[in-house]
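Work through the two exercises below, using the sequence and the structure.

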Amino acid sequence: METKLRVPRPRRGAVLRPELDELVVGGEPVRLTVVAAPPGFGKTTGITLALSAREASARVAWVSLDERDRDAGSFWTYLLLALDRASPGCGSAALALHRTGAEIENVLTTLLNELSVLAADVTIVLDDYHRCDGPGVRPGMTFLLDHLPPQVRMIICTRADPVLPLARLRAGGELLEIRQADLRFTRAEAGSFLNQVHDLGLAESEVDALQDRTEGWVAALQLAALSLRGRADRAGFVRSFAGDDRFVVDYLVDEVLDRQPAAVRRFLLRTSVLERLTGDLCDAVTGDPGGRTMLRDIARRNLFLIPLDDRQHWFRYHQLFAGALAVRLRDEQPDDVPLLHRRARAWFEQEGDVEGAVHHALAAGETDAAAELIEGGAGELRRTRQEAVIRRLVGELPDQVVVRRPVLAVTMIGALMAGNEFGDIERRLEEVTATLAGPALPPGDPALLARLPAEIATYRAALALIGGDLDRAIAHADRARTLTRPDDLLAIGATSALTGLAVWRRGDLGRAHADYEVAVRHLRRAGHLADALGCSLALGDLAFAEGRLHDARARFAGALAFAGPEELRGCADMHVGLARVAYEQGDPATAMQQLGEADRLGEAAGLPQHPHRWRVLLAELTADQGDLDAALSLLDEAERVYLGDFSPQLRPIPALRARLLTASGDWSAGLALIRRAGVAADDPLDYLREYEHLTLAGALLADPSGAGRAPADGLLQRLLAAAEDGGRQASVIEVLTLQAGASWDAGDTPRALDAVVRAISLAEPEGAVAVFARFGTGVAPVIESLARRRPEWPFALRLRDTLLERAARRRGASSGAGGAVPGEHAASGASGLLDPLTERELAVLRMLRSDLDGPAIARVLHVSLSTVRTHTQRIYTKLGVNNRRAAVRRAHHLGLFRSIE
């Protein structure tokens, strides 16, 4: 809801409060300002006026919170969006990461990195924080406050002290507290409010009396002013006025309502059931036309109506006023309350707003209607991957309603599993099964009820897969397929994907490939394109394992074609897949271009593992440049953002890290790391750990003492047989490469040449190059010898040249040249980067070193802000970093600034 992110506009004629302004924005900046007071003390207005008094360049990230934001996902989404509005680009990466379901500390780490390099100050304002303060939000808020950079401050407006480390901040001088006493109107401010804003012409003694009795409570003064309008006996009213919160509100609302025209009074009461108001909605609820005109009239009357947008299309009542109206409505017209909510529900239902419709159905006491709304809207919510909305809506229903409606219960099961919440699934499945076995037909759409047995079997298959019981998973998936109608495309696609996952985990790549082909075909026909993209990603991974790089490229490109121009969730993964094909085929420039395109789309266009995959490939490319530290740092990030799902993790980060260390010459660190992962040379072989066992063999062979050669030889023989039997050609090539290097070191040249010829013969049809450098350049002398013996073999010559270039880059890195190839002048194209910066990117890079923010850089370079952001993202990608400060540091390391100064 965009209106939650708008800084409220100061009211026309609002009382200026310079002392409060100075308290808020004057003096030494602090990390946190807490504005805490009971309702009606002008917290929001006071902060709005204080911030508006600052210079025009001040940036404010404002979030108006409500009860729904107690959900951590909603809270952090709005806060990140607000920051991205205040300083374009600073929250986009964190927001995209958050949408993948990553841990909040990982999301906030990404955000803090961006905030730390902002040139301008930013103020975060969280209004009505008491509405969301809870265990879901607190840990992240504490982490954010602990690490806020000095150019960012936070203001929290709340009715109750937030459960945050206030004592620690207070002791460290990092907390400013604005309390009820600070927010009370002074006598001068009360006089201005009553006599200038409301033009009441009260005597000084009357102002003093109201000031004393309200104790400066702004809401009470506002209500008093409305009641005084047109009253003859003003002195008597002032004398009888009492300042108790509860009775003041009740009394003055009575006075305000009684003095309104009948039509206005009726409208106020009947629309009090709405959390937000617009003309058409008010017409539907009241049953009378002219809602838009009435809202504008009420706004002019200052009847606590707050605009939510600049066009004054949507409004809300002040919370105190709305609550008082609701109480009066229940007192006067209790039988009308359910009717009004039913009318609101019908309007939201017609507008396609499932959440709004469910809210009013529940308020009307119509839990079954709410359940039917969720059941009816779940299909579209699932298709668009909004399982979090399903979980929230179903969570508002009584448990007994969910239990007796199996369609709803199964919908909730699917949403929970999509959110990696598996703990309660078995119990829920048993409850649904028992309900379906009962004597009476349960409520629900007959067509949806008919699908339930297949869905239950599908979810049991998924649960078994998570538990590692592959036989049971396949059995349940097969049962689900037999229970599924031939025209249920979604169910067929889901069961085929689950079977593919199970057999893939076993190492049966051929059957997995066939099952995923079926899944993609049916999911596409069902219109579930994001899910089809996910299965296409799996097919690409299978093609990599089978050594079919051309097929992998065709798969990723074809998936982008059927996704179309909408940049659906999963499109970014397809570009990362294309980048990996290019990398494996020895084309790092194209790989970087494809990673840049994935970065342009953003992590929001990626599936859950996209942030992890993107960083892993960039780490490998960076290591090939010779910058081991940057590569290991990227792997650390990849590990933090990894989000487990049903897909097997075939290349775990510890093994990747061990490979990079081994390839860099630090074989002992690589060996220690892979051993800590729990693998040994005499382990029984398991496909899921094949990558780790290959990593172990490479590290053992790198031991210059030769102590690891014997166990490595035995392990490699077993791995070769298993990979050949499973059709995993990529692993076969890797084993042969390691065997060739080991034989050469042992002085067995014929065996070394035989192994490398077999490996190159398998690799050549697919153009596979990177596999020969997985563990450094140990195989390089074998390939060099082969190239001398077979100069007519172009692919062998290409491999020799590639390994020589890679060795040169690593020598340059170890000698302190920062990974640069000879000739470090960036402008000439020899920057030490796989993809050198363009002249325009160099110009932007120079600006990134300054204190200028994005808009200022755009003005200096005479380009649009979007162009600056595009160049900046490309610079990040080429430098292998993800924030401004790291880009500047990396550029210094590469000597790029010397080339442009």
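Predicted model: local features only at pLDDT ≥ 70, side-chain atom pairs only at ≥ 80, totals over all residues.

Residues are numbered from 1 along each chain as its sequence is written, and side-chain values use heavy atoms, without hydrogens and water.

**Exercise 1.** Give the strand order of the open sheet and find its edges.

Solution. Step 1: helices (H or I, at least four residues) and strands (E, at least two) are DSSP runs numbered from the N terminus, and two strands pair if DSSP finds at least two bridges between them. Step 2: the five strands follow the order E2-E3-E4-E1-E5, with parallel pairing. Step 3: strands E2 (59-64) and E5 (175-178) are the edges, each pairing on one side only. Step 4: E1 (residues 32-36) and E4 (residues 152-158) run parallel and are joined by five bridges; valine 35 is opposite cysteine 157 in E4.

**Exercise 2.** Describe the lining of the second largest cavity.

Solution. Step 1: on a 1 Å grid over the protein atoms alone, a cavity is a set of points where a 1.4 Å probe fits but cannot get out, and lining residues have an atom within 4 Å of a point. Step 2: the lining includes Leu97, Arg615, Glu637 and Asn882. Step 3: helices H5 (104-115) and H34 (628-641) each give two or more residues, and H5 gives the most, with four.

Methods: 1 Å grid on protein atoms, 1.4 Å probe; cavity = no way out; pocket = protein on both sides within 12 Å on 5 of 7 lines; lining within 4 Å.
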